[in-house]
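Work through the exercises below with the model open. Try each task before reading its solution.

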Amino acid sequence: MKEENAPLCPYCGQEMKKWKVPVTSTWPDEFFYVCFNDDCPYYIQGWTQLQTHQQTKASYRCRLDPDSGKCVPLPVWSPEALKDDIIA
Ligand SMILES: [Zn+2]
């Protein structure tokens with residue numbers, strides 16, 4: 001049996017992490033692949049964008065949409081946010 005490799009983030013090329021979907025969410029999936037690389041351009045650019053346009057101190061990380069294979073923004077409010085729910 002070959003182990004399934006984690007997909008690579010289209011923005012920074014790092015392996016994405018399995019992130020457990022909160023039970024309170026309406027998503028039908030058990031987990032998503034999310035890029036938790038703090039140097040990811042997608043994430044870094046999010047801080048600037050949200051601060052400029054919405055005066056919000058927050059950002060988003062790249063969450064892989066299983067259907068389209070594309071990045072969907074997952075909002076985070078700090079660099080540590082949501083990291084407790086990383087499975088692998
Ligand atoms: Zn990334």
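## Exercise 1: Lysine 17

Task: list the contacts of lysine 17, leaving out residues up to four places away in sequence.

Solution. Take contact as heavy atoms within 4.5 Å. Lysine 17 then touches Phe32, Tyr33, Val34, Phe36, Ile86 and Ala88. The model is predicted: local features need pLDDT of at least 70, side-chain atom pairs count only at pLDDT 80 or more, and totals for chains, interfaces and linings use all residues. Numbering runs from 1 along each chain as its sequence is written, and side-chain values use heavy atoms, without hydrogens and water.

Lysine 17 sits in strand β1; strands (E, at least two residues) and helices (H or I, at least four) are DSSP runs numbered from the N terminus. Now check one pair. Valine 34 is 17 residues from lysine 17 in sequence, yet their C-alpha atoms are 5.3 Å apart. Last, accessibility. Lysine 17 has 36% relative accessibility, so it counts as partly exposed (buried is under 20% relative accessible area, exposed over 50%, partly exposed in between; 1.4 Å probe, protein chains only).

## Exercise 2: The largest pocket

Task: which residues line the largest pocket, and how do they divide by class?

Solution. Start with the definition. On a 1 Å grid over the protein atoms alone, a pocket is an open set of points where a 1.4 Å probe fits, with protein on both sides within 12 Å along at least five of seven lines; lining residues have an atom within 4 Å of a point. The lining is Glu4, Ala6, Glu15, Met16, Lys17, Lys18, Phe31, Tyr33 and Ala88. Strands β1 (17-20) and β2 (31-34) each give at least two of the lining residues. By class, 5 are nonpolar, none polar and 4 charged. The pocket holds about 180 Å³, counted as the space filled by probe spheres set on the points.

Conventions:
Nonpolar A, V, L, I, M, F, W, Y, C, P; charged D, E, K, R; others polar.
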